[in-house]
Amino acid sequence: LPADAARSWPAAPGATRALLPRIREVADRVGAAGLGEVVLVGRGAPAAAAGVVARHAKAPLTVLDGLDPAPTLRLAVDPDRLRRTMVVVTGDDPVARAHTGILRRLFRDLGIDHEELAERFLEVPAEGTTAPVGRVFGALAPYALFPAALAGVDVAQILDQATAVLPSLTRPENNPGLALGAIVAGCARGGRDKIVLADFGSRFEGMGEWVGRLLFDATWTPRAGAKH
């Protein structure tokens with residue numbers, strides 16, 4: 001990995017668990033306002049992970065993480081749905097600003113005033129987490145689980161499941177993470193420079209896309225695509 005690339009962080013479940021009271025508070029407020037649709041404006045592995053989690057739970061979460069403005073503009077096709085939409089922003093880059101700018105214009109076109117418009121956009125808090133947790137290995141970080149929770153996903157259960165497997169990932173023997181890393185490293189030393197992701201039969205739609213982005217963010221290796 002590059003010297004400044006973020007690495008795995010076993011404390012991720014605990015960091016996000018500390019934010020659960022805040023997450024529940026915001027989720028209750030959003031639900032009381034009738035905002036049952038959630039749009040996530042984010043990038044990289046955390047955004048992909050949020051999409052996987054939401055699809056598995058059949059939660060109403062739309063992820064906007066690319067350069068194409070069409071998915072954002074398609075939200076305007078259903079004004080009633082747009083009126084029920086809350087936007088979660090997890091980044092401040094040109095792509096994120098472009099998406100949020102379009103969404104703000106769509107909301108204003110619906111007649112939503114400035115005060116209510118401010119309530120429609122939420123930036124995920126960074127307290128209790130660090131860059132390694134939030135930007136690369138971010139499936140368990142607030143950047144992924146906060147928007148998923150607002151869409152109705154039981155993130156406390158996800159954190160419980162993650163905590164249950166942590167002992168196997170922090171011991172020196174019989175560690176599936178170390179075993180996988182050793183296999184990948186051995187292949188790399190043998191001259192192989194490609195990884196093919198195949199999620200045939202996976203219970204989690206989009207898992208290959210998330211893993212592909214995780215590898216890209218962690219190694220800065222360009223992605224050629226994913227096999228599904």
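## The side chain of R120

A polar atom of the R120 side chain lies 3.0 Å from the backbone oxygen of T85, and the backbone oxygen of R83 lies 2.9 Å from a polar atom of that side chain. A polar contact is a pair of N or O atoms within 3.5 Å; within protein, one must be able to donate a hydrogen and the other to accept it, and residues adjacent in sequence count only if both atoms are side-chain atoms. This is a predicted model, in which local features need pLDDT of at least 70 and side-chain atom pairs count only at pLDDT 80 or more, while totals for chains, interfaces and linings use all residues. Residues are numbered from 1 along each chain as its sequence is written, and side-chain values use heavy atoms, with hydrogens and water left out.

R120 sits in the loop between helix 7 (114-119) and strand 4 (121-123). Helices (H or I, at least four residues) and strands (E, at least two) are DSSP runs, numbered from the N terminus. R120 counts as buried because its relative accessibility is 5%; buried means under 20% relative accessible area (1.4 Å probe, protein chains only).

## Helix 9 against helix 10

Helix 9 (residues 142-150) packs on helix 10 (residues 155-170) at an angle of about 140 degrees, with the axes 9 Å apart. Axes are lines fitted to C-alpha atoms, for helices over the stretch in contact, and angles run from 0 to 180 degrees between N-to-C directions.

In helix 9, L145, A148 and A149 meet V155, I158 and L159 of helix 10. Contact means heavy atoms within 4.5 Å.

## Helix 9 against helix 3

Helix 3 (residues 44-57) and helix 9 pack at about 35 degrees, their axes 8 Å apart. Here P46, A49, A50 and V53 of helix 3 meet Y143, A144 and A148 of helix 9.

Definitions and conventions
Buried means under 20% relative accessible area, exposed over 50%, partly exposed in between (1.4 Å probe, protein chains only).
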